[in-house]
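Please open the model in your viewer, with the sequence panel beside it. The stops below say what to select next and what is to be found there.

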Amino acid sequence: MALLLSSTSISPSVVILRSLFSSPIRFSAYGIRRFQSIRLRSSLTVGGSTQSEAPAKQSELIFLGTGTSEGIPRVSCLTNPLRACEVCSKANEPGNINRRRNTSIILRYTNNSGDFNVVVDAGKFFYHSALHWFPQFGLRTIDAVIITHSHADAIGGLDDLRDWTNNVQPQIPIYVPKRDFEVMKKTHYYLVDTSVIIPGAAVSDLQFNIISEEPFYIHGLKVTPLPVWHGKGYRSLGYRFGNICYISDVSDIPQETYLLLQDCELLILDAVRPDRSTPTHFGLPRAIEEVRKIRPRRTLLTGMMHLMDHDRENAYLLKLMETDGLDIQLSYDGLRIPITI
Ligand SMILES: [Zn+2]
Ligand SMILES: [Zn+2]
């Protein structure tokens with residue numbers, strides 16, 4: 001048994017599971033970097049702040065992926081002799097906005113302790129997302145990864161974190177619910193119990209922090225889990241950072257979670273297809289229904305399959321903005337939102 005269970009000072013609701021042979025975490029050498037001023041494709045700053053409260057550097061949220069598990073375009077659509085899928089054909093063009101990898105965001109935030117990059121989910125396409133966006137946006141370190149649930153499109157990229165822990169920083173803390181950690185013990189057994197690794201083999205050096213459904217802190221950032229259903233009897237977590245609420249995989253929202261969604265300014269919400277929900281995901285009509293209920297200032301949809309054409313759906317949603325006053329749009333891979341949290 002190579003795991004040592006110990007309490008930690010990070011938060012009462014967080015328990016650290018640390019490999020017996022892991023080295024202590026050192027963030028300071030890697031946590032400081034300069035925010036690069038790049039023209040933002042989104043003009044809205046979410047969250048209010050006074051002059052005296054304003055951080056020296058602008059925090060931001062970047063969408064690393066906004067698509068379903070198989071990715072957009074689907075290979076099967078491109079090999080279909082009928083070539084019937086318009087969205088996948090478009091998504092196959094370089095730089096097309098319909099090209100989508102597995103849902104994931106990175107929160108780049110600044111506080112008195114420094115600058116930190118917190119990733120939510122590292123799924124099957126994490127390497128491809130990071131390859132595309134990290135160099136472009138001047139991202140280097142990963143100060144934490146928070147897991148929403150243990151499906152492959154949320155944790156399938158944990159092995160790819162080896163490039164960071166071998167070449168950028170000593171370790172990466174993973175924040176994961178107990179039930180999903182139990183899954184990782186099977187799917188990523190060699191990352192959980194590093195004693196099974198052949199000496200000298202280079203794998204990701206991860207530090208697993210077991211979270212409950214209570215708020216916890218990462219370098220001063222308060223993270224509030226938003227428990228939701230992702231299919232019958234299967235729990236997934238959304239997360240709230242300040243007034244930003246991120247729910248990427250949801251089929252139903254329990255009553256008690258609505259209390260945690262009050263005064264949400266930016267809601268990022270699952271909407272898999274334009275016409276209806278599936279047993280495990282909201283469709284667009286249900287997502288709109290939830291927006292009417294939650295009343296965020298702005299909503300960005302994520303987790304879109306190939307039936308969701310970016311421009312077509314956004315045109316429909318713009319009309320909804322005019323008629324119903326609902327600010328809802330589709331997100332896209334590489335979208336950057338300046339934030340104050
Ligand atoms: Zn398609
Ligand atoms: Zn899932």
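Predicted model: local features only at pLDDT ≥ 70, side-chain atom pairs only at ≥ 80, totals over all residues.

Residues are numbered from 1 along each chain as its sequence is written, and chains are lettered from A and ligands numbered from 1 in the order in which they are written.

Now select α4 itself, residues 126–137, whose 12 residues reach 15 Å from first C-alpha to last, close to the 16 Å expected at 1.5 Å a residue (the expected span being 1.5 Å times one less than the number of residues). Within α4, Phe126, Ser129, Ala130 and Trp133 are buried, where buried means that 20 or more other C-beta atoms lie within 10 Å of the residue's own, exposed means 12 or fewer, and partly exposed lies in between, with C-beta atoms placed from the backbone. These four lie on the same side of α4, because they cover an arc of only 100° around the axis, the arc being that of the directions from the helix axis to the C-beta atoms. The face turned away from the buried side of α4 carries the exposed residues Pro135 and Gln136.

Next, colour the largest nonpolar core, which has 76 residues, and in which Ile105, Val145, Ile146 and Cys245 touch the most other members. Such a core is a set of buried Ala, Val, Leu, Ile, Met, Phe, Trp, Tyr and Cys residues joined through C-beta atoms within 7 Å. Centre on Ile105: leaving aside residues up to four places away in sequence, Ile105 touches Leu61, Ile62, Phe63, Leu64, Val120 and Tyr246.

Tyr246 leads on to the next stop, as Tyr246 in β12 is the bridge partner of Tyr239. Strands β11 (residues 235–241) and β12 (residues 244–247) pair in the antiparallel sense over three bridges, two strands being paired if DSSP finds at least two bridges between them. On to β13, which pairs with β12 in the parallel sense over four bridges, with Leu269 of β13 as the bridge partner of Ile247. Both faces of β13 are covered, with Leu266, Ile268 and Asp270 buried on one side and Leu267 and Leu269 buried on the other.

Widen the view to the whole open sheet of seven strands, which runs β9-β10-β11-β12-β13-β14-β15 with mixed pairing. At its edges, β9 (216–218) and β15 (328–330) each pair on one side only.

Asp121 is buried, with 25 other C-beta atoms within 10 Å. His219, in the loop between β9 and β10 (221–229), also has a positive phi, of about 50°, although it is not a glycine. Finish at Pro73, in the loop between β3 and α2 (75–79), where the peptide bond from Ile72 to Pro73 is cis, with omega near 10°.

Technical notes
Helix = DSSP H or I, 4+ residues; strand = E, 2+ residues; numbered from the N terminus. Contact = placed C-beta atoms within 7 Å.
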